[in-house]
2 protein chains.
Amino acid sequence: MNKELRIPISASMRHVHLCRQDVEALFGAGHQLTPAKALSQPGQFACEETVTICGPKGCIERVRVLGPERQETQLEISRTDEFKLGVDAPIRASGKIEDTPGIRLEGPQGVVELKRGVIQAARHIHMTPADAERLGVEDRQWVMVRVGGKRGIIFDDVLVRVKESYALDMHLDTDEANAADLGPGAWGVLIKNPTRVAPDPDD
Amino acid sequence: MNKELRIPISASMRHVHLCRQDVEALFGAGHQLTPAKALSQPGQFACEETVTICGPKGCIERVRVLGPERQETQLEISRTDEFKLGVDAPIRASGKIEDTPGIRLEGPQGVVELKRGVIQAARHIHMTPADAERLGVEDRQWVMVRVGGKRGIIFDDVLVRVKESYALDMHLDTDEANAADLGPGAWGVLIKNPTRVAPDPDD
């Protein structure tokens, strides 16, 4: 196993990114998000704030808000969550929310009836240009990542995202992490030559 | 893609197999389980009966009982369920419940404080000896199975179980099925030559 191809892996719990308008609707006029914990990507943080999300079949409480604010609100949930909520959201790269379903967000100061923005986040790896050069991959390339353990999995359709401000980290949702029994400190090995054509990252 | 190596895949929701004593404790003396729906394996059925399961951190209602009765009670849950219940169960082949945690089962007529029997079921494929011969695998062999879609996965550590009374079907839990976005009618392709040594099936 080539140590140089090791990729640290983090599981992302369901979470929501909020625009300014929705922060104010949910938490009150002029409210500023309160950072609680830094995330693996520099500048990103989990907030003290949480919301309740409600679909046609059920609600989930205490869904974490991530900061900083974004241009458009986006809720990232797992397939398991979708069954509970009664929502069918597509698998998308972050920010690609055209033709996605909406949902109801409930905060302590008000409610937002989101028109769109609910996605299952596509598996992806954040990395710097230096990481990409070392690993021999490019921005938006699709790769595979293999994890071991007693429930080994090779994840196909993993999207590489390269930016100077990123830190090397693969993001899975909780279904994906649980399917492989991954916990804190998990890592996988990059496989650069998938044997089939991956879907268009913008699809 | 070799059509002959296609394996149908079913997702198993959390469920419990009960011994006679526990059927009576939960549903009343002399109670007989009521078949509601045949399962893919001949002779196996989902019952009308459900139980509530309670761990140190929480409970899950309406957990389906599967029949027929077994010699020893066994509860099969997903990793997602474990976090909700506050239980850490090992990955095991069905029936291998030595040194597994217990849990509280609640039925309409009584409660069972299970001493052991909670597992995450190891991925497995049921097949007949004829299937095994055609596919070129043996009972208790570890194989890989590849599924496509937009969240493609190659499942490693898949245990082959061969018996005349079985029907060809791969069983995953809900985390595993959701991680690959699998639904009804899902199938995968058998890969017979894993590149690493799989764990001991009895471990």
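A contact here means heavy atoms within 4.5 Å. Among the contacts in chain A between residues at least 6 apart in sequence, 66% join residues at least 24 apart. This is a predicted model, in which local features need pLDDT of at least 70 and side-chain atom pairs count only at pLDDT 80 or more, while totals for chains, interfaces and linings use all residues. Side-chain values use heavy atoms, with hydrogens and water left out.

Chain A has 4 helices and 15 strands, which are DSSP runs numbered from the N terminus (helices H or I, at least four residues; strands E, at least two). Its radius of gyration, taken over C-alpha atoms, is 17 Å and agrees with the value near 17 Å of a compact globule with 203 residues, the globule rule being 2.2 Å times the number of residues to the power 0.38.

| Property of chain A | Value |
|---|---|
| Box of the C-alpha atoms along the principal axes | roughly 50 × 35 × 30 Å |

Turning to the two copies, chain A can be laid on chain B with an RMSD of 0.0 Å by a turn of 180° and a shift of 0.0 Å along the axis, the superposition being by least squares on C-alpha atoms of residues with pLDDT of at least 70 in both. The copies are therefore related as by a two-fold rotation axis. The same surface serves both, since 100% of the contact residues of chain A recur in chain B.

Notes
Residues numbered from 1 in each chain as written. Chains lettered and ligands numbered in written order.
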